[in-house]
Amino acid sequence: MEKPTRPLRRLIKRSQFQRAARGNRAGRSAFGLQVIAAESAEPGIGFTVTKKTGNSPERNRIKRRLRAAVTACARDFVAHHDYVLVGRREALGEPFTKLVDDLGALIERVHKPRSPDERQSSGRGPRKPR
């Protein structure tokens, strides 16, 4: 028996995006995923594609492809969490099935409990003092 699809809440306020940026994150070549716990019962989803990705038709096409992938993976999103997909230019050339598979894998990855021996840093080394 299939899980029923639950409605997804759209993130629209800047503060919601900034909050998600402080949570867990994982990435693939076509997009990054940021997630943080939220109070609302239904999962929240937001999309962002920066201007350095391309001109407006390209950015809109990236967002459309990511929205379609989110619709295909709607059952995988966990309640009481907000998700932000950060689109990259590679999303234009990826096959759609790969986008869906990558999104499903990333959702699973960000919710997997981390063992204490896993690194907590970003891997970039220590920060420079200001």
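## Exercises on charge pairs, sheet and core

Arg19 has a relative accessible area of 29% and is therefore partly exposed, where buried stands for under 20% relative accessible area, exposed for over 50%, and partly exposed for what lies in between (1.4 Å probe, protein chains only). The model is predicted, so that local features require a pLDDT of at least 70 and side-chain atom pairs count only at pLDDT 80 or more, whereas totals for chains, interfaces and linings use all residues. Residues are numbered from 1 along each chain as its sequence is written, and side-chain values use heavy atoms, with hydrogens and water left out.

**Exercise 1. Find the partner of Arg19 in a salt bridge, and state which parts of the chain the pair ties together.**

Step 1. A salt bridge is taken as a side-chain nitrogen of Lys or Arg within 4 Å of a carboxyl oxygen of Asp or Glu, and helices (H or I, at least four residues) and strands (E, at least two) are DSSP runs numbered from the N terminus.

Step 2. Arg19 forms a salt bridge with Asp82, and the closest N and O atoms of the pair are 3.8 Å apart. Because Arg19 lies in helix α1 (residues 14–21) and Asp82 in strand β5, the pair ties together parts that are 63 residues apart in sequence.

Step 3. On the Asp82 side the relative accessible area is 5%, which means that this residue is buried.

**Exercise 2. Name the network of salt bridges to which Arg19 and Asp82 belong, and describe the pair formed by Glu42.**

Step 1. The network links Arg9, Arg19, Glu42 and Asp82, and the structure holds seven salt bridges.

Step 2. Glu42 pairs with Arg9, with 4.0 Å between the closest N and O atoms. This pair, too, joins distant parts of the chain, since Glu42 sits in the loop between β3 and β4 and Arg9 in strand β1 (residues 9–10), 33 residues apart.

Step 3. Glu42 counts as partly exposed at 31% relative accessibility, whereas Arg9, at 18%, is buried.

**Exercise 3. Where do Lys98 and Asp102 lie, and how many residues apart are they?**

Step 1. The side chains of Lys98 and Asp102 meet in a salt bridge at 3.1 Å, N to O.

Step 2. Both residues belong to helix α3 and are four residues apart, which is about one turn of the helix.

Step 3. Lys98 is partly exposed, at a relative accessible area of 35%, while Asp102, at 9%, is buried.

**Exercise 4. Give the strand order of the sheet, and say which strands stand at the edges.**

Step 1. Two strands pair if DSSP finds at least two bridges between them.

Step 2. The five strands form an open sheet with mixed pairing, in the order β1-β4-β5-β3-β2. β1 and β2 each have a single partner strand and stand at the edges, so one side of each is left without a neighbour in the sheet.

Step 3. Strand β2 (residues 24–27) pairs with β3 in the antiparallel sense over four bridges, and a hairpin of three residues joins the two. Within this pairing, Asn24 stands opposite Val35.

Step 4. β3 also pairs with β5, again in the antiparallel sense, over seven bridges, and there Ala37 stands opposite His81. Of the seven residues of β3, six are buried.

**Exercise 5. Which residues of the largest nonpolar core touch the most other members, and which elements contribute to this core?**

Step 1. A nonpolar core is a set of buried Ala, Val, Leu, Ile, Met, Phe, Trp, Tyr and Cys residues joined through side-chain atoms within 4.5 Å.

Step 2. The largest such core has 24 residues, and Phe31, Phe77, Leu85 and Leu103 touch the most other members. Two or more residues each come from β3 (31–37), β4 (44–48), α2 (56–72), β5 (81–87) and α3 (96–111). The largest share, six residues, is given by α3.

Step 3. Contact means heavy atoms within 4.5 Å. Apart from neighbours within four places in sequence, Leu103 is in contact with Phe31, Ala69, Val70, Cys73, Phe77 and Leu85. A second, separate core has five residues, among them Leu11, Ala20, Ile36 and Val84.
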